[in-house]
Amino acid sequence: MTTLTLALSKGRILEESLPLLARLGLEPAGDFDRLLRVPSREPGLSFLIIRPTDVPTYVEHGAADLGIVGKDVLMEHGSEALYEPLDLGIAVCRLSVAAIQGYRPPARRLRVATKYPEITRRHYAARGEQVEIIKLYGSMELAPLVGLADVIVDLVNTGNTLKANGLVEIERICEISSRLVVNKAAMKMKHAAIRALLERIGAARP
């Protein structure tokens, strides 16, 4: 039997992946709250529960055959070494520019706080703008409030967090959803098993 390993992103993507997998009888058979490697209820499939930013690396280097990860991570870290056959339509949100209500662009170079420096750089470069990028890992909404940055680039779901902190979206960069990615070597070596799994998951998408 061909065995497959599927890397799952912790957090919201994991929460929304589990019902999709459960409909196929593929849910984890162990305590995924504590274990990082968990068998599936279906023989031949196991899961790695890891940080979203690590999923492309695990899949690219063959530690996992497939992975479920947000399009934002793929855009930021590059996905040229991976196949991206399915948009799962889960964990849907948007990547946006946000600022304090009443914001006016400064005369100097724009300061942008984000955990997506590459996406941000490309976004502004496409418009011929050079910006100062400030890399943050969390609490993004605080940056404009304390004068650290003029605007932020971050994921927005409901917009409630922005609103609660007096920020508003001023530009939408792109729509984001979770994608199923595949290791290129595994697609050749385990083609039949991976193709069968892709067809099952694709048919069960929302």
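This is a guided tour of one predicted model, given as a series of selections.

Local features are described where pLDDT is at least 70, side-chain atom pairs count only at pLDDT 80 or more, and totals for chains, interfaces and linings use all residues. Residues are numbered from 1 along each chain as its sequence is written, and side-chain values use heavy atoms, with hydrogens and water left out.

**Stop 1: the largest nonpolar core**

Select L6, L66 and L180. Of the 29 residues in the largest nonpolar core, these three touch the most other members. A nonpolar core here is a set of buried Ala, Val, Leu, Ile, Met, Phe, Trp, Tyr and Cys residues joined through side-chain atoms within 4.5 Å. Buried denotes under 20% relative accessible area, exposed over 50%, and partly exposed the range in between (1.4 Å probe, protein chains only). Two or more residues are contributed to this core by each of β1 (4-9), α1, β3, β4 (66-70), β11 (178-183), α7 (184-189) and α8 (191-204). Helices (H or I, at least four residues) and strands (E, at least two) are DSSP runs, numbered from the N terminus.

Now centre on L180. Beyond its neighbours within four places in sequence, L180 is in contact with residues including L6, L66, Y83, L86, L198 and I201; contact means heavy atoms within 4.5 Å.

Next, select L95, V97, L110 and C174, which are among the members of a second, separate core of 14 residues.

**Stop 2: helix α1**

Select I13, L14, S17, L18, L20 and L21, which are buried residues in α1. The buried residues of this helix pack against β1, β3, β4, β11 and α8. Just after α1, select G25, where phi is positive at about 75°.

**Stop 3: helix α4**

Which residues of α4 (residues 117-125) are buried? They are P117, I119, T120, H123 and Y124. These residues cover an arc of only 165° around the axis and therefore lie on the same side of α4; the arc is that of the directions from the helix axis to the C-beta atoms. The elements that cover the buried residues of α4 include α3, β6, β7, β8 (132-135), β9 and β10.

**Stop 4: D72**

Select D72, in helix α3 (residues 71-77). Leaving aside neighbours within four places in sequence, D72 is in contact with Y116, I119, L155 and I176. D72 is buried but has no salt bridge, and the nearest side chain of opposite charge, K115, is 6.1 Å away. For charge, Lys and Arg count as positive and Asp and Glu as negative, while His and the chain ends are not counted. A salt bridge is a side-chain nitrogen of Lys or Arg within 4 Å of a carboxyl oxygen of Asp or Glu.

**Stop 5: the salt bridges**

A search of the whole structure finds 13 salt bridges.

Begin with R41 and E27, whose closest N and O atoms are 3.7 Å apart in a salt bridge. R41 lies in the loop between β2 (37-39) and β3 (45-50) and E27 in the loop between α1 (12-23) and β2, so the pair ties together parts that are 14 residues apart in sequence. R41 is exposed at 54% relative accessibility, whereas E27 is partly exposed at 24%.

Move to R94 and E169, which form a salt bridge at 2.8 Å, N to O. R94 belongs to strand β6 (residues 93-100) and E169 to strand β10 (residues 167-176), so this pair joins parts that are 75 residues apart in sequence. R94 is buried, with a relative accessible area of 14%, and E169 is partly exposed, with 31%.

Then select R108 and D150, a salt bridge with its closest N and O atoms 2.7 Å apart. R108 is in the loop between β6 and β7 (111-114) and D150 in the loop between α5 (142-145) and β9 (151-156), so parts that are 42 residues apart in sequence are tied together.

**Stop 6: the cysteines**

How many disulfides does the structure hold? There are zero, a disulfide being a pair of cysteine sulfur atoms within 2.5 Å. For C93, the nearest cysteine sulfur is that of C174, 8.8 Å away. C93 is buried, with a relative accessible area of 9%, and C174 is buried at 18% relative accessibility.
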